Every structure is written in structure tokens, then in C-alpha cells.
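Please consider the structure shown below.

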Amino acid sequence: MCQDNNTTESRKGKHLNHDERKIIEHLYNIQDKSPAEIGEELDRHRTTISREIKKGKVTLLNSDYSTREEYEADIGQEVYDNNAT
């Protein structure tokens, strides 16, 4: 058997995997990048990134009882897995 259809090109129209979700988490929470900038880095459309961020967004409580919203890759993956069943 020959495997000549291997490719490292972008998987347009395919689902995000957990590694990509971890990258989104880092870029969105730590580096404070916009969905358009994250999409350029991952070679995905900005709308895909926006929807993913919306799917995995959680509200966290600070020590001074103020709240902040962050993206959690594990939550996004969990939502994806639940929707896939």
C-alpha cells in the first residue's frame, strides 16, 4: 500500500483539534490577540476562531470579587465532544 495522499497543508473545512484549541487559549488569554490575528496564525477563518472562543468561554472570579472572561481549551473540547455524540 502506498500512502501518497499525506499532506501537511491546511485542513480547510475540517474541525479544530485539541492542540489547536490549546494554541487559541494561549493566544487569546495570554497574548490578548483578536480572533482575526489568531485565525491568520492557525490558517483558519476568523469566524471559526470567534465561534470556538464563544464555545469555550468561562467566567472566572478574581480575588477582589470582580469577574473576567477567558477561553478554556478543555471546555471547548468538551462541548465539541458532547455535540459530536
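By class, six charged residues, two polar residues and two nonpolar residues make up the lining of the largest pocket. In this predicted model, that pocket has a volume of about 150 Å³. The residues that line the largest pocket are Lys 14, His 15, Leu 16, Arg 21, Arg 44, Thr 48, Arg 51, Glu 52, Lys 55 and Tyr 80. Helix H3, which spans residues 46-55, supplies the largest share of this lining, with four residues.

Two of the lining residues, Arg 21 and Tyr 80, also take part in the contact between helices H1 and H4. Helix H1 covers residues 18-30 and helix H4 covers residues 73-84; their axes come within 8 Å and cross at roughly 140 degrees. Because of this angle, H1 counts as oblique to H4. The crossing in which H1 passes H4 is right-handed. On the side of H1, the contact is made by His 18, Arg 21, Lys 22 and Glu 25, while H4 contributes Ala 73, Asp 74, Gly 76, Gln 77 and Tyr 80. Sorted by class, the contact of H1 with H4 has four charged, three polar and two nonpolar residues.

A further region to examine is strand S2, which comprises residues 67-71 and contains Glu 69. Which residues does Glu 69 touch, not counting residues up to four places away in sequence? They are Lys 57, Val 58 and Thr 59. For Glu 69 and Thr 59, the separation in sequence is ten residues, and the C-alpha to C-alpha distance in space is 4.5 Å.

Definitions and conventions: Residues are numbered from 1 along each chain as its sequence is written. This is a predicted model: local features need pLDDT of at least 70, side-chain atom pairs count only at pLDDT 80 or more; totals for chains, interfaces and linings use all residues. Side-chain values use heavy atoms; hydrogens and water are left out. Axes are lines fitted to C-alpha atoms, for helices over the stretch in contact, and angles run from 0 to 180 degrees between N-to-C directions. Helices (H or I, at least four residues) and strands (E, at least two) are DSSP runs, numbered from the N terminus. Angles under 35 degrees count as roughly parallel, over 145 as roughly antiparallel, 65 to 115 as roughly perpendicular and the rest as oblique. A crossing is left-handed if the near helix is turned anticlockwise from the far one by less than a right angle, and right-handed if clockwise. Contact means heavy atoms within 4.5 Å. Ala, Val, Leu, Ile, Met, Phe, Trp, Tyr, Cys and Pro count as nonpolar, Asp, Glu, Lys and Arg as charged, and the others, Gly among them, as polar. On a 1 Å grid over the protein atoms alone, a cavity is a set of points where a 1.4 Å probe fits but cannot get out, and a pocket is an open set with protein on both sides within 12 Å along at least five of seven lines; lining residues have an atom within 4 Å of a point. Grid points are joined across faces, edges and corners, and a volume is the space filled by probe spheres set on the points.
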